[in-house]
Amino acid sequence: MLPSYLTVAAILFCIGLYGALVKRNAIIVLLSLELMLNAVNLNLVAFSKYGVVPSLTGQIFSLFTITVAAAEAAIGVAILFALFRLRGTVNVDEFDKMRR
Amino acid sequence: MSILNGLPILSFILLSPLVGLLVILLLPKERSSWMKTAAILTTLVPLALSLWLYAGYDKQQGGAGYEEQLSWVEVPLNKEFQNGVAEFVFKFQYSLGIDGISLPLVLLTALVTAMAALAAFHIKKRWKSFFVWFLLLEAGMLGVFLAQDVFLFFVFFEVTLVAMYFLIGIWGYFHRERAANQFLLYNGIGSAIMLLAFVLLVNTAGFRIEQAGEQASFIYSGSYADILRNMTDPAAWVNMSPEQLGGINPFQMTETMQWVLFIMLLVAFGIKLPIFPFHTWMLKVHTEAPPAVVMIHSGVLLKMGAYGLLRFGVLLFPEQAREWAVVLAALGVINILYGALLAFRQQEFKLVLAYSSISHMGIVLLGLAAFNELGMQGALFQLVSHGLISALLFLIVGSIHERTGTTELSELGGLARSMPFISGVLLTAGLASLGLPGLSGFIGEFLAFLGLFESMRWLTAAGVLGIILTAVYVLRAVLKITFGTQPEKYGALKDARLIEAIPMIVLLAFILLLGCYPSLLTDTVQNSVGTLFEPLFATRAGG
Amino acid sequence: MEMYSQAAWLIPLFPLAAFLVLTALGRSFRRAGVLIGTLGSLAAFVLSLFIVIDRLDANTVDYNYAFDWMKIGDYTLRIGFEVTNLTAMMLVVVTLVSFLVNVYSAGYMKNDERITVFYGYVSLFTFSMLGLVLSDNLLSLYIFWELVGVCSFLLVGFWYAKPKARAAAKKAFIVTRIGDAGLLLGILLLFWYMPGHALDFTTIQSVFDGQSGAITTGITTLIALLIFLGAVGKSGQFPLHVWLPDAMEGPTPISALIHAATMVAAGVFLIARTYDIFQDSAAAMETVAYIGGFTAIFAATIALAQNDIKRILAYSTVSQLGYMMMALGLGSLTGGVFHLFTHAFFKALLFLGAGSIIHAVHTQNIHEMGGLGAKMKVTAWTFAIGALALSGIPPLSGFWSKDMILTAAFETNPLLFFVGLAAAFCTALYMSRLFFLVFTGKPGAASSGAQESPVTMTLPLVVLAVPAVAAGFVETPWNGWFGSWLSGEAEAAHGSGVAIVASIAVGLLGIYVGWLVYGKGSVSRTALADRVPWLVKLLERSYYVDELYAVFVVKPLKLLGAILIVIDEYVIGGLVRLTGIATVSAGRLAARLQNGQVQTYSLAAVIGFVIIVIALVGRRFLP
């Protein structure tokens with residue numbers, strides 16, 4: 001059973017990675033990040049059930065991660081809001097302040 | 001022999017500029033005169049210490065008794081080794097030492113730096129950072145000559161590079177930034193090559209085994225003594241037992257490898273020396289850097305190249321150097337003639353001096369290529385002598401530029417009328433530079449020629465042609481400046497102030513002293529040349 | 001016995017001390033400066049005189065003292081001094097002329113603001129020249145050899161504000177430097193071939209005794225020729241004579257001291273000192289003889305057409321030095337040194353006389369002078385003595401020495417004998433031309449306000465006139481005292497009636513022709529110039545040697561320098577720039593990756609991660 005969970009998680013992670021690297025819209029990038037996090041969560045839960053030493057730790061840890069992800073999403077969206085007010089766009093191509 | 005015995009005097013010499021540097025950092029920014037005084041006083045400390053060291057140096061015993069070592073960096077190597085081997089590590093040490101070769105150069109460094117500090121009156125901005133870099137530069141130069149560990153040597157070598165970069169780039173003349181960049185770039189390449197060569201050296205010849213009872217320590221170190229022993233004494237390699245190392249053979253040094261290393265070091269230090277065709281970077285430095293810095297650059301930094309070439313190139317690879325002696329001599333002759341011919345055509349006095357440095361460094365190469373005691377002594381004497389003379393010449397250039405605002409030969413003339421003292425010193429320095437007996441330039445030249453003549457007649461004869469050309473370009477430039485009719489605008493120029501006159505007189509006194517009484521230097525060098533170069537001369541006799 | 005000889009090292013120290021004091025004084029204390037300089041040379045002269053008197057006894061042995069200067073491994077370089085009869089003679093000549101020039105300059109340089117500096121230089125020169133004379137080996141001789149060169153350079157350029165003086169000083173130094181390079185090479189060669197690497201004259205003498213065969217003839221010839229090259233430079237022999245006439249830009253007392261009596265004779269002295277080397281090589285001897293003979297006639301003809309009083313004397317010096325070289329080359333050591341000895345006195349006398357004239361008329365062009373004999377009696381009479389001595393008229397000193405050389409030539413080499421005779425004729429002719437144009441006839445443009453020079457200047461003339469008359473009697477055809485004193489062995493009586501008669505005849509003939517043209521005026525002065533203008537032009541321009549040097553040496557060197565500058569700028573400098581450009585463009589390329597896009601950065605990170613993973617995993621599949 002474990003491989004199928006891991007496969008799903010891996011697919012999910014790759015979709016997230018693809019989105020995070022390629023998408024121009026910052027909101028989509030943020031959502032892709034969530035996807036990656038969820039892939040990780042899936043892994044944690046899968047391992048806690050079918051791993052070498054099954055225990056509850058993994059599930060509890062994924063709860064932590066979900067919380068952190070929620071907080072992160074909130075902060076991320078807030079930053080996006082601020083950026084949008086400043087630059088009038090959510091296109092990541094135009095966020096190249098780091099260059100200077 | 002003195003109460004100071006037993007104290008780490010080499011560390012004192014090395015660290016005293018750094019202490020002064022800290023003091024200057026603490027001084028208020030706007031008190032320029034405080035900072036100048038502090039800097040001058042600071043440079044006097046290593047000068048006094050190295051003079052004392054020189055006076056107390058035991059010519060028979062050599063540098064023994066002055067070594068100072070502290071362990072510095074230790075990296076355990078994750079290699080599999082068999083029982084009976086306690087550890088397998090890289091070890092770099094803070095290790096200082098002197099011998100007859102480095103001692104005169106340490107003294108030269110301290111002297112030229114002190115004189116340059118006196119001459120730094122023309123610095124008009126950012127005194128604080130100037131003197132900070134200046135003292136850092138001094139520490140770096142002293143470190144280069146004192147270091148007995150290749151890694152330490154490299155670190156100090158780089159310190160001088162960085163300090164020079166800022167000294168040229170901030171306080172230079174109009175094109176200072178380009179000059180600084182070119183300097184950094186070219187010397188950076190040299191340093192990179194040198195670092196690579198050093199790494200290779202440490203990984204092969206830097207190996208030694210320390211046996212403590214049953215347990216042995218396998219150590220790769222940058223210790224110059226180890227490398228020297230391994231490189232020059234074939235028995236040292238045989239005595240190590242590869243069986244202990246679990247199949248690893250740490251000291252593979254094929255002949256190809258030796259050649260590669262030798263040529264790498266030749267290029268690395270050749271850039272610094274500079275050997276034709278690596279010389280162009282230093283022309284810009286000579287014209288753009290402030291006089292006090294050029295004094296040091298021409299007086300000491302070029303000597304680091306020759307010192308490195310001697311210590312790492314020739315001494316570590318005696319057979320390669322021996323085989324390439326003709327190449328070295330030919331390069332030396334090219335340097336002499338090429339530098340002289342170009343100096344002869346320059347319109348800018350600083351460029352004349354820059355090319356004359358190239359020409360004079362050629363004599364050092366000739367001395368090295370001679371492969372006998374006379375030549376080696378000549379090369380070292382020429383290093384010290386040229387350091388003094390070129391420092392003096394650039395000191396005068398600074399004074400002239402300050403007064404007339406130019407160093408173009410076409411605009412100068414007849415300065416002997418309004419500035420008889422400076423002109424007289426300039427003339428004397430010029431005569432020293434063209435090798436007038438009684439002044440130090442002659443001895444180095446003569447010994448180098450004398451040494452080289454044993455093995456390479458024709459190249460020596462070609463080199464001797466250089467003394468005619470030297471006379472031509474030196475007199476052309478010096479007489480243009482001092483003799484002749486004086487333009488109206490220079491009528492009211494003042495002669496040297498006391499603060500300028502002191503370094504001029506001191507440097508001149510040393511030039512005169514060495515010229516009349518060369519044993520002062522040659523006797524100190526003799527023992528080291530005798531022992532260090534023995535394998536070298538042995539290859540000569542054998543081959 | 002050799003009490004004074006042992007103290008010979010003191011002699012150079014007097015002028016050295018004077019130099020040091022004078023340098024410390026700077027430009028102040030003008031009178032004291034003159035006094036100090038003169039006293040220094042006087043002390044040296046007195047001590048030298050004692051040494052010579054001491055050594056007149058035939059049994060004196062040479063005194064030598066040397067110490068280690070540098071010890072390098074197995075090689076030792078030594079410095080020391082040696083007193084032989086030859087050096088003792090030179091000591092007296094140098095110190096006497098130097099002392100008289102010091103006295104003379106007190107008058108001649110009276111109004112110069114840098115007179116203290118002048119005396120300092122003169123003292124330094126005297127020191128160096130005495131050091132050269134006393135040197136017991138070639139190395140220390142070379143050291144002082146260079147030092148006298150520098151003093152000569154400084155004094156030629158003493159009036160530094162004149163561009164001509166600057167050029168002349170530079171030329172003097174550089175041209176002699178060419179010879180010095182040769183001498184240096186000769187020393188190097190000798191150092192490696194001599195047993196024990198000894199350079200002292202005693203050892204040289206014993207090694208080159210003509211039979212030991214320690215050094216092959218080829219090498220001996222090479223060494224001799226290289227040493228001779230040094231002498232050619234210093235003594236103004238062809239083709240390195242060009243600096244000497246130009247050196248007349250210096251103050252006239254200097255021309256008398258350095259460029260007539262002492263330094264230029266150093267080349268002759270050098271060969272006399274290393275004569276054993278030359279005697280071992282017939283080829284070298286011949287070279288010396290022919291170069292000397294050629295220089296003698298070559299310079300004498302040039303002197304015929306010069307109009308500057310000092311240049312005439314300068315070419316005359318070149319010519320007479322050629323005579324000395326010729327004598328040495330012909331195997332007559334005594335002849336060469338004897339002529340050096342007498343020439344020093346009468347040529348110094350002539351130069352100082354010329355200085356006295358220039359001092360009075362403020363020009364050097366002999367056509368602007370004239371009729372000065374009546375106004376400057378002392379100068380005229382002493383000058384006449386000098387001129388007659390130079391022309392080789394008996395019984396003045398020049399006659400005896402010149403006759404000795406001509407006799408030597410007559411016996412061994414007829415060609416050189418005739419060359420010598422021709423040169424002697426020219427000498428007499430140009431000296432009579434000079435004398436008649438300056439002292440007789442109508443007063444010239446510049447001679448109206450002329451009057452006799454002060455006693456400080458005329459006294460040295462009178463003093464020098466004495467040896468100019470009498471110095472020749474130390475060595476006459478029937479009395480070989482000087483030769484035997486010099487070489488330590490009695491020489492057979494020499495002298496040949498033919499040579500004596502011929503020598504007197506050409507001397508008188510030369511003076512007679514000169515008198516006809518320039519004194520009596522019965523032959524037109526322009527007669528020759530009208531008929532063969534190119535020849536006169538050729539002589540006036542000194543055979544265009546300077547121009548030849550300019551075309552064949554200076555120009556190519558400058559051109560080579562210019563070409564090298566281009567190469568340095570574009571080829572080698574291009575290398576530097578290429579490195580710079582390469583670095584900068586590499587930086588530009590790398591900067592492109594830095595576009596500020598987080599996504600690009602993370603993409604790079606992912607790619608890197610993938611590569612690491614592949615590497616780690618893939619390593620397993622490697623053998």
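Reader: Which residues of H1(A) meet H2(A) in this structure?

Author: In this predicted model, the side of H1(A) includes Leu2(A), Tyr5(A), Leu6(A), Leu12(A) and Phe13(A), and the partners in H2(A) include Ile28(A), Val29(A), Leu33(A), Met36(A) and Tyr50(A). Sorted by class, the contact of H1(A) with H2(A) holds 19 nonpolar and 5 polar residues, with no charged ones.

Reader: Why is H1(A) called roughly antiparallel to H2(A)?

Author: The axes of helix H1 (residues 2-22) of chain A and helix H2 (residues 26-50) of chain A cross at roughly 165 degrees and come within 7 Å. Angles over 145 degrees count as roughly antiparallel, and therefore H1(A) is described as roughly antiparallel to H2(A). The handedness of this crossing is left-handed.

Reader: What makes H5(C) roughly antiparallel to H6(C)?

Author: Helix H5 (residues 115-134) of chain C and helix H6 (residues 138-156) of chain C have axes that come within 8 Å and cross at roughly 155 degrees. With the limit set at over 145 degrees, the pair H5(C) and H6(C) is therefore roughly antiparallel. The crossing of H5(C) and H6(C) is left-handed. Among the residues that meet are Tyr121(C), Phe125(C) and Met129(C) from H5(C), and Phe144(C), Trp145(C) and Cys151(C) from H6(C). By class, this contact divides into 13 nonpolar and 2 polar residues, and no charged residue takes part.

Reader: Is Asp200(C) buried or exposed, and how do you know?

Author: Asp200(C) has 20 other C-beta atoms within 10 Å, and 20 or more is the requirement for a buried residue, so Asp200(C) is classed as buried. Asp200(C) lies in the loop between helix H7 (163-193) and helix H8 (201-207) of chain C.

Reader: Which residues does Asp200(C) touch, if residues up to four places away in sequence are not counted?

Author: On that basis Asp200(C) touches Ala66(C), Arg78(C), Asp136(C) and Asn137(C). As for Ile79(C), 121 residues separate it from Asp200(C) in sequence, while the two C-alpha atoms are 8.9 Å apart in space.

Reader: Which chains share the most contacts?

Author: Chains B and C do, out of the 2 pairs of chains in contact. Their contact takes 45 residues from chain B and 39 residues from chain C. On the side of chain B that touches chain C, H19(B) gives the most, with 11 residues. That side of chain B has 28 nonpolar, 13 polar and 4 charged residues.

Reader: How many residues does the contact take from chain C and from chain A?

Author: It takes 8 residues from chain C and 8 residues from chain A. The side of chain C that touches chain A has 2 nonpolar and 6 polar residues, and no charged ones.

Reader: How do you know that no contact joins chain A and chain B?

Author: A contact requires C-beta atoms within 7 Å, whereas the closest C-alpha atoms of chain A and chain B lie 23 Å apart, and no contact joins the two chains.

Reader: Which domains does the assignment give for chain B?

Author: The assignment gives domain 1 (9-63 + 98-200 + 279-542) and domain 2 (68-94 + 206-245). The centres of domain 1 and domain 2 of chain B, taken over C-alpha atoms, are separated by 37 Å. Their contact takes 12 residues from domain 1 of chain B and 12 residues from domain 2 of chain B. On the side of domain 1 that touches domain 2 in chain B, H5(B) gives the most, with 3 residues. The residues of that side of domain 1 of chain B divide into 9 nonpolar, 2 polar and 1 charged.

Conventions
Residues are numbered from 1 along each chain as its sequence is written. Chains are lettered from A and ligands numbered from 1 in the order in which they are written. This is a predicted model: local features need pLDDT of at least 70, side-chain atom pairs count only at pLDDT 80 or more; totals for chains, interfaces and linings use all residues. Axes are lines fitted to C-alpha atoms, for helices over the stretch in contact, and angles run from 0 to 180 degrees between N-to-C directions. Helices (H or I, at least four residues) and strands (E, at least two) are DSSP runs, numbered from the N terminus. Angles under 35 degrees count as roughly parallel, over 145 as roughly antiparallel, 65 to 115 as roughly perpendicular and the rest as oblique. A crossing is left-handed if the near helix is turned anticlockwise from the far one by less than a right angle, and right-handed if clockwise. Ala, Val, Leu, Ile, Met, Phe, Trp, Tyr, Cys and Pro count as nonpolar, Asp, Glu, Lys and Arg as charged, and the others, Gly among them, as polar. Domain bounds come from an automatic or database domain assignment. A residue is buried if 20 or more other C-beta atoms lie within 10 Å of its own, exposed if 12 or fewer, and partly exposed in between; C-beta atoms are placed from the backbone.
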